[in-house]
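Open the model in your viewer and keep the selection tool at hand. The tour starts at the ligand and then moves to the cavities.

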Amino acid sequence: MQITKEEFKKELEQKLDSQFAVDVEHASLGELYSALSNVLRDGYAPNWRETRIKEAHEGKKQVYYFSIEFLPGTLLRSNLLNLGWMDTVKSALKDLGLNLDDIAAKEPDMALGNGGLGRLAAAFMDSLASTGYVGNGNGIRYKYGLFKQKFVNGYQVELPNDWLQKHNHWEVMRDNKSVLVHFGGQVNLVQKDNWMTPEYNGGYSIKAVPYDIPVVGYHTGIVNTMRLWDAEIPESEEINYPTIDDRRKVEDLTSILYPDDSSYSGRLLRLKQEYFFVSAGLQSILRYYTKDLKQNDMHNLPKYVAVHINDTHPAMAVAELMRLLVDEYHIDWDEAWKITVQVMSYTNHTIMAEAMEKWDINMMTQLLPRIMQIITEIDRRYVISLTGKVAESVINDTRIVNNGNVQMAHLAIIGSHSVNGVAPLHTHLLETEVLKEFYELYPERFNNKTNGITLRRWLQIANPKLSKLLDQTVGRDWRTDSAKMLLLQDSYKNAKVLKQINEIKLENKEKLAKFIKKTTGITVDPTAIFDVQIKRLHAYKRQTLKLLHIIKLYHDLKNGIDHPKRVVIFGAKAAPSYTYAKDVIKVINEVANVINNDASIHGKLKVIFLENYDVTLAEKIIPAADVSEQISTTTKEASGTSNMKLMANGALTVATMDGANVDIAKAVGQDNIFIFGLNKDQVYDYYNKHDYKPRDMYNSDQVMKETVDALIDGSFSKAANEGRVLYDSFLQENEEFLVLADFESYLQAQKKIEENWHDQRSWAQKALVNIAHSEEFNADNTVARYAKDIWGLKKLN
Ligand SMILES: *Cc1c(COP(=O)(O)O)cnc(C)c1O
């Protein structure tokens with residue numbers, strides 16, 4: 001539905017009047033945000049209704065993307081863009097003396113996730129709707145999102161992120177679609193009507209209430225649904241929860257995103273969350289299948305339903321669907337198993353051993369007795385099916401229940417028809433190292449689906465100026481057909497386009513510089529190299545290597561060795577219980593303090609650690625980046641997606657040959673990226689031969705020694721203890737992330753960056769190549785590959 005400027009103004013005025021009894025002139029930005037989002041709701045509501053009717057009418061297969069994280073950021077501007085209202089609304093607001101960005105800033109960021117995994121889930125939602133598929137999200141409506149990060153004396157402090165406090169304008173609560181999820185008690189199987197039927201003794205039920213968030217497709221008229229579940233006390237059981245405290249204990253189930261997993265009660269809560277959203281999601285899928293689609297044969301379920309398990313957190317979907325099919329619909333076990341495997345598919349997101357999720361059998365038996373019985377039976381049959389066919393060690397390594405634990409990845413793999421990695425190197429490592437034994441058992445299940453990004457958000461919304469330049473050079477079609485971005489290559493020698501690329505970057509940097517000034521008080525020069533590392537804080541991502549480079553630059557500047565002006569910008573949250581990551585934050589902040597206040601280097605180097613990295617902050621930083629730091633230890637980063645967002649905005653990448661960096665390098669060519677560091681074979685050699693000797697490197701390399709020593713020699717005295725922790729970690733022989741091994745090679749790559757920076761025309765050419773080739777990472781195409789190869793979806797008519 002389109003809208004004219006005049007219609008929009010009238011609607012806005014009406015909403016302001018009916019909601020707040022104010023006129024435009026007297027409305028606050030918060031009131032304007034609320035009214036504007038309500039006008040938008042009226043705009044897409046008919047499409048949302050019609051999409052649901054169409055879905056039921058056409059009966060096309062649908063995917064349900066189960067994810068414990070969704071990281072959509074904010075939705076106002078993306079809904080405006082996708083509905084086709086952006087230009088009209090911007091211009092109408094301008095007429096009224098208002099600015100869309102100021103109003104949009106009032107929307108709380110939906111940070112229902114931690115990083116790349118949740119961001120990918122949100123990107124896929126947008127892409128499904130924007131390319132014409134029916135795709136549903138299934139997750140948890142956390143009352144508090146990922147914590148709000150503040151720095152106090154250089155230390156990370158975590159504050160609650162009360163994002164729902166001011167009301168979520170997009171969500172619709174659908175109480176009539178609620179379901180009950182059962183926990184605890186005991187289960188006995190009794191023969192009833194010729195069927196082994198579970199009888200539950202004790203335990204309790206929690207009401208799962210869905211909150212639906214519309215996912216507006218880009219110019220498709222399709223509005224899909226992201227369904228997030230909240231926990232309530234069932235009406236029938238209210239009497240058992242007489243006090244507010246009792247109530248809160250139940251409702252706490254969906255309070256926080258990452259319960260503290262260092263305590264038993266924290267882990268139990270997490271397990272509860274996982275089962276809660278999985279069970280609620282599957283129950284509502286089967287209800288839709290039987291009631292709305294009027295299907296009564298469960299054997300046809302795979303023709304209508306695909307359930308995707310995003311990382312292992314929703315892996316219990318395998319057991320829960322078995323429970324529903326066998327216990328509720330009386331399908332024979334073997335038949336139910338076939339159906340389940342055809343419905344389920346699984347994405348692995350990491351090879352990091354500590355991220356391989358497992359649950360204690362006793363905990364599971366207490367909380368989910370029937371699910372534990374079913375998992376035990378799946379495991380028993382799995383073992384029988386392989387006994388005598390493969391080595392016993394293979395069975396032991398791959399079975400689901402082992403050493404008192406339930407291995408969630410094993411459950412997901414055995415219960416799915418598809419297992420995918422998220423970049424070619426990652427998938428290769430799954431097949432040859434991490435999941436080798438599974439790959440040999442089920443080679444046909446394994447496939448690669450390289451991650452992607454929503455170019456709409458990262459270019460059209462975050463960088464309107466660059467988007468406009470693309471319009472002028474390659475035509476507007478790139479907005480729906482990203483392959484058209486490759487036409488930008490034709491302007492490789494076009495002086496005017498190259499100049500515009502540099503001018504746009506400078507304007508974006510000026511804007512970020514203002515933001516930095518406002519939030520940190522620090523002045524940065526927009527003409528300096530803006531060198532950006534934004535991602536979760538983790539040892540494998542090696543913010544530490546960037547830190548060592550900073551110290552080296554600082555030493556040079558103090559010693560009269562010149563470098564181009566540089567502003568290093570970090571954004572990163574550390575998991576609350578991850579002390580090493582928090583130590584890294586403290587050290588970076590104190591190093592930044594010393595450098596930013598040292599007048600002797602004449603502002604040649606600035607280090608800015610922006611607080612509270614989230615999607616909203618990413619949208620501010622990425623368009624202003626000159627250099628994209630993708631410096632993880634090779635083999636450790638499954639894909640990475642900030643690497644893609646940054647290249648799309650014309651930043652040049654400095655990277656190890658890890659994750660999707662490999663694919664970026666292939667796309668842009670060696671001349672347009674700065675590659676350094678150990679390759680995967682060298683990394684595995686160190687691991688296999690146990691011959692990494694960082695202390696020898698340190699003793700034989702004077703520059704390295706001086707750089708690392710600065711962490712403990714009093715140069716950064718306010719982080720003496722934390723500096724010592726880093727120092728010790730670098731020099732340990734079992735230092736898994738090989739920071740010092742890549743130090744020298746990283747310095748070389750940075751030197752090359754400096755040399756290239758001097759030639760701004762050639763720099764712009766490299767940026768142009770990167771922008772053009774970012775089309776390869778368009779999530780619309782990623783989703784099309786999932787739809788075809790894994791889910792078997794057809795587009796809505
Ligand atoms: C894209 C994105 C990530 C993922 O970054 P990586 O560098 O790929 O780890 C994490 N957090 C936010 C807010 C993002 O937008």
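Which of the 14 residues around the ligand come nearest? Select Lys535, Lys541, Thr641, Ser642 and Lys645: they are the ones. Keep in mind that this is a predicted model.

**Stop 1**

Show the side chain of Lys535. One of its N or O atoms sits 2.6 Å from an oxygen atom of the ligand. Next, go to Lys645. Here a polar side-chain atom is 2.6 Å from a ligand oxygen atom. A backbone N or O atom of Thr641 is 2.7 Å from an oxygen atom of the ligand. The ligand taken alone exposes 390 Å², and the protein buries 96% of that.

**Stop 2: the shell**

Colour by secondary structure. Two elements give two or more residues each to the shell around the ligand: α6 (116–131) and α24 (642–648). Domain 1 (59–74 + 109–437) and domain 2 (455–678 + 740–777) each supply at least three shell residues. Colour by residue class last. The shell holds four nonpolar, five polar and five charged residues.

**Stop 3: the largest cavity**

How many cavities of 30 Å³ or more does the structure hold? There are six. The largest has a volume of about 170 Å³. Select Pro72, Leu75, Ala122, Asp126 and Val215, which are the closest to its centre among the 17 lining residues. Which element gives the most to the lining of the largest cavity? It is α6, with five residues. Helix α6 also gives two or more residues to the ligand shell. By class, the lining of the largest cavity splits into 10 nonpolar, four polar and three charged residues.

**Stop 4: the second largest cavity**

Move on to the second largest cavity, with a volume of about 70 Å³. To outline it, select Leu455, Arg456, Gln460, Trp478, Arg479, Thr480, Ser482, Met485, Asn778 and Asp780. Then highlight helix α18 (residues 455–461): it gives the most to this lining, with three residues. You will find three nonpolar, four polar and three charged residues.

Notes:
Residues are numbered from 1 along each chain as its sequence is written. This is a predicted model: local features need pLDDT of at least 70, side-chain atom pairs count only at pLDDT 80 or more; totals for chains, interfaces and linings use all residues. Side-chain values use heavy atoms; hydrogens and water are left out. A residue is near a molecule or strand if one of its heavy atoms lies within 4 Å of it. A polar contact is a pair of N or O atoms within 3.5 Å; within protein, one must be able to donate a hydrogen and the other to accept it, and residues adjacent in sequence count only if both atoms are side-chain atoms. Accessible areas come from the Shrake-Rupley method with a 1.4 Å probe; for residues, only the protein chains shown count as cover. Helices (H or I, at least four residues) and strands (E, at least two) are DSSP runs, numbered from the N terminus. Ala, Val, Leu, Ile, Met, Phe, Trp, Tyr, Cys and Pro count as nonpolar, Asp, Glu, Lys and Arg as charged, and the others, Gly among them, as polar. Domain bounds come from an automatic or database domain assignment. On a 1 Å grid over the protein atoms alone, a cavity is a set of points where a 1.4 Å probe fits but cannot get out, and a pocket is an open set with protein on both sides within 12 Å along at least five of seven lines; lining residues have an atom within 4 Å of a point. Grid points are joined across faces, edges and corners, and a volume is the space filled by probe spheres set on the points.
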